[in-house]
Amino acid sequence: MSDEPQQPSGEHEPRGWAPRDPAAHGSAGASGNPGDGSGSGSGSGSGKAKKPKRTGWRRAVPTWRMVLGAVLFVAALLIGGFIAGYELVDIPAANTSATAQSNVYLYKDGSVLARSGEVNRENVKLAQVPLTVQHAVLAAEDRDFYSERAVDLKAMTRAAWNTLTGKGKQGGSTITQQYVKNYYLGQEQTVVRKIKEFFIAVKLNREESKSQILEGYLNTSYFGRNAYGIQAAAQAYYSKDIGDITTAEGAYLASLLNAPSAYDIVVHPENKAAALGRWNYVLDGMVKEKWLDAGERAATKFPMPGKVKPPTGLSGQRGYIVQAVEDYLTGNDVIDENTLATGGYRITTTLEKKKQDALVKAVDDNVMSHTSPDRPADRNVRVGGASIDPHTGRVVAMYGGIDYTKQYVNNATRRDYQVGSTFKPFVFTSAVAGRSTTQDGRRITPNTIYDGTNKRMVQGPHGPTGYAPANEDDINYGPITVSIATDKSVNAVYAQMAEDVGPDKVKQTAIDLGLPKNTPDLTATPSIALGVSTASVLDMTEAYATLANHGRHGAYTLVERISKDGEDLTLPDTGHTEQAVSRQAADTTTSILRSVVESGSGTAAQGAGRPAAGKTGTAEEDKAAWFAGYTPDLTTVIAVMGQDPETGVQKPLYGALGLARINGGGAPAQTWAQYTEAALRSTTATDFDLELEPGAEEPAPPTDEETTPQDTGTPSETTSSTPPNSPGTTPPGEPSTPGSSEPATGGTDTGTPTESTTANGGAQNAGGDNAGGDNDSDNGGPRGDETADGDSYGFLPGPRGTPAPRQ
């Protein structure tokens, strides 16, 4: 029989209510008073049944009354806060950003280097701005401007969420909010500023018309090139008044609002794709909003902006340095571009005036003073240079060009010229760091013998790869040590070495040493060894500084301190370094690069009067010549580049400076030597302290296979002294021995490093440098698909990338 009280009808409880907790119900039933029917559930008693208490997890769940109360409380709080904020926050007077100050740039010793920030602004009425340009701005920044409220809470919430979840910083501000920030407040990213911006925008939207707000926005926004307001921007980019700007030009100006300097494709040609994407986004938005006819949109061509017209106060090297410093600060999220543009900042750089002056003089003495207005090729000459203290990562000197007011692109930071054979040391470093072997099992050391046969097919793990790069002047070297192959920049050797190490590993080593991951054309193929990537001079200086610092890498720094009104901003941690590659790998690379200076293509660098290591390099079609070198105390890279001053197209340097060709061992190495000697003149010379990999110092055993390189002429006349079993001549289907002209020897090096001579070795060119250096002949000229210093790419005539035929 049940312990529960029974109902007359036989039911256990009144209809519509069943106890949630049987134990609680039983207890209640047992305690009821039989006299008055309390708890009996008879339905006829005077008392109402009590609701059972919530137990277990249900106690943690708020009731609907609690939820409603919380919602009402929050709503009351928000309404009260809004009313209070609206009453307390007034529309202030225009802030100082409307009259921006100058920024002061200082050398490391505190002396003034440059001043920038002179305000370039000319306010215009909205009626002076063509309607299509107004629509372009709205399409870019706020398409619902005329119909929306002053503040878009949904967009602000979305932007905050995307930022918090790691999808990047995203804007959620309306044009009204941006105008408030530009004109009344400031660019600092603080909660207080955002709250003020919110209330001022709401008030302003009630007190001013949309047209007045848009006019104010167009006159206060920053467009880059020191242009505040759309009238100044029209002049800065197209040398026109705003009333004459076309729809296409207006769309480009509107695009700049998103990232002013980054989308300036004249200053940053590498960003053209991104700028074009933004420009197309603006025009497509205009079509979507029915502000532009689809047919007119289809016929619109991109309007290339004009040259930069910097203020005269940034002439000489000053403008290049200011540009590089600003890129460093904004690129490292120290400060955003718009905030920096408001001015008032005191920026102490890492540049040392003595070294800076020495670098400028060295370039003038060895390059610019040799140019002549009577030689057409000399008008194309550009020079970039950078110098870093390898122990601290501080940039101590930089050369961006002849004059910022004449050549506005910084040649030290641009990333559009091939680095040539200055990349080859990274291949060898990767080989030593990874304890790599040739495909027949021999450890790669300076004494390892490779086959230097011209146009030798690179052999992969599964046979020929289809890639057969030519050596400089089609010279056959035959069996040759890695050290000598480095001296002579033998492409056949280094392309095979890259395949032996693994192109992906070579790429990662270059990144570890200091090249940016997004370096253009840094692709994991055997051709990576020949320097087809386009790292900047500053990038290469950072990577070579890692080698000079025994494999320890730290990102370069260009700013020592930045402050405003006595308050310092936080800079990146410049003291952090890490072992990017082993010390043995870096030091063994240094040992073979010392040989390049002592007896190879870089002998002109001996003029520094210091123990030095370095590598020459030349870009495809001789469009750039490089020397990258270092002493134990200083790392410097110099590049001479060719560029048409009118079209910006890269040009070969044939005939420039009165020379048939410019190679890395000529003007770049001579400039490096003069600068290094002057920069270190007051310091004591120290020798390299090297820890080499096992076998690096051991002389190779003698061999009877001395081979004299032969000029082979045309490919059809190529001859080789390589034994028949060498990889370059192995018939299809027969086993090959990549990396050596001899059968595998169980991992030991074979042969004697033979100082092979070349057809042009030993002569000197008009510049007085080693013509055999870097395999650059003194009588060479344009040679089709060949490049200087061995940077030929093994392609036949025809579309770029056509591989040479398999042998």
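Where is the place of Ser483? Ser483 sits in helix H16, residues 482-487; helices (H or I, at least four residues) and strands (E, at least two) are DSSP runs numbered from the N terminus. The model is predicted, so local features need pLDDT of at least 70 and side-chain atom pairs count only at pLDDT 80 or more, while totals for chains, interfaces and linings use all residues. Residues are numbered from 1 along each chain as its sequence is written, and side-chain values use heavy atoms, with hydrogens and water left out.

Ser483 is buried, at a relative accessible area of 17%. Buried means under 20% relative accessible area, exposed over 50%, and partly exposed in between (1.4 Å probe, protein chains only). Leaving aside neighbours within four places in sequence, Ser483 contacts Pro446, Ile592 and Ser595. Contact means heavy atoms within 4.5 Å.

Helix H7 (residues 210-220) is also mostly covered. Eight of its eleven residues are buried. Among them are Lys210, Ile213, Leu214 and Tyr217.

An open sheet is formed by five strands. The order is E2-E1-E3-E12-E13, with mixed pairing. Two strands pair if DSSP finds at least two bridges between them. E2 (112-116) and E13 (567-568) stand at the edges. Each has a single partner strand, so one side of each is left without a neighbour in the sheet. Strands E1 (residues 103-106) and E3 (residues 346-349) run parallel and are joined by three bridges. Val104 has Arg346 as its bridge partner in E3.

Helix H12 (residues 318-331) lies across E1, E2, E3 and E12 (559-564). H12 runs at about 75° to E2. Axes are lines fitted to C-alpha atoms, for helices over the stretch in contact, and angles run from 0 to 180 degrees between N-to-C directions.

Two cavities of 30 Å³ or more were found in a search of the whole structure. A cavity is a set of points, on a 1 Å grid over the protein atoms alone, where a 1.4 Å probe fits but cannot get out; lining residues have an atom within 4 Å of a point. Grid points are joined across faces, edges and corners, and a volume is the space filled by probe spheres set on the points.

The largest cavity has a volume of about 120 Å³. Its lining comprises 16 residues. Pro390, Thr392, Gly393, His553 and Gly554 lie nearest the centre. Helix H19 (537-548) and strand E11 (552-553) each supply at least two lining residues. H19 gives the most, with three.

How values were computed. 1 Å grid on protein atoms, 1.4 Å probe; cavity = no way out; pocket = protein on both sides within 12 Å on 5 of 7 lines; lining within 4 Å.
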